[in-house]
Amino acid sequence: MIRLDGRARRFGDNVNTDYIITSARKRDTIDEHVLKQWLLETLDPAFAASVREGDMIVAGENFGCGSAMEVAVTVILVAGIRAVIAQSYSRTFYRNAINNGLIPVQCDTSRFEEGDRLSVQLDGAELSVANYTKELTLSGPPISGVMLDILEHGGLVPYIREHRRLMPREQ
């Protein structure tokens with residue numbers, strides 16, 4: 001079981017990967033430890049400096065749309081954010097999240113606000129988010145199979161190091 005507690009950092013719909021980390025910043029480096037100082041600067045120039053370990057991004061529809069660059073996910077993780085909660089994701093961002101150990105929770109985020117106290121729980125394939133500020137708990141679609149195994153290992157690289165190959169989850 002994985003449980004994460006933190007506060008909501010609210011964004012809207014269609015947060016594309018170039019908003020997460022702008023292409024202008026990637027011209028000089030793709031080092032996520034350097035890039036994290038500019039995380040989501042296009043949408044909120046003060047965001048990166050205000051992030052605390054455990055914060056969770058909460059967004060609307062189509063989070064991570066745009067290019068399929070993996071550095072968008074790794075910059076989020078390096079900033080100390082281990083989960084993104086959104087109504088929907090671009091397919092490539094979702095898989096990049098799983099492969100890098102970022103937990104993508106998909107649920108109705110319309111009642112979430114900046115600063116809400118949250119808890120994300122991945123218990124087996126079951127995925128839920130509790131919003132303690134609003135006194136509500138929502139379930140997301142389960143994460144199962146090899147994707148669950150990858151998340152439980154912290155990402156694809158640690159998974160492959162242990163197993164040496166992708167293996168189907170035993171039923």
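Mentor: In α6, Phe93, Tyr94, Asn96, Ala97, Ile98 and Asn100 are buried, where buried means under 20% relative accessible area, exposed over 50% and partly exposed in between, using a 1.4 Å probe and protein chains only. Keep in mind that this is a predicted model, where local features need pLDDT of at least 70, side-chain atom pairs count only at pLDDT 80 or more, and totals for chains, interfaces and linings use all residues. Residues are numbered from 1 along each chain as its sequence is written, and side-chain values use heavy atoms, with hydrogens and water left out.

The names come from DSSP runs numbered from the N terminus: helices are H or I with at least four residues, strands are E with at least two. So what do the buried residues of α6 pack against? They pack against α1 (17–20), α5, β4 (103–106) and α7 (145–152), with contact meaning heavy atoms within 4.5 Å.

Now zoom in on α5. The axes of α5 (residues 71–78) and α6 (residues 91–100) come within 9 Å and cross at roughly 50°. Those axes are lines fitted to C-alpha atoms, for helices over the stretch in contact, and the angles run from 0 to 180 degrees between N-to-C directions. The two helices are therefore oblique to each other, because angles under 35 degrees count as roughly parallel, over 145 as roughly antiparallel, 65 to 115 as roughly perpendicular and the rest as oblique.

Which residues meet here? From α5 you have Val73, Thr74, Ile76 and Leu77, and they meet Phe93, Asn96, Ala97 and Asn100 of α6. By class, this contact has 5 nonpolar, 3 polar and no charged residues. For those classes, Ala, Val, Leu, Ile, Met, Phe, Trp, Tyr, Cys and Pro count as nonpolar, Asp, Glu, Lys and Arg as charged, and the others, Gly among them, as polar.

Leaving out residues up to four places away in sequence, Asn96 touches Ala68, Met69, Glu70 and Val73.

Finally, follow the chain past the end of the helix: just after α6, Gly101 takes a positive phi of about 85°.
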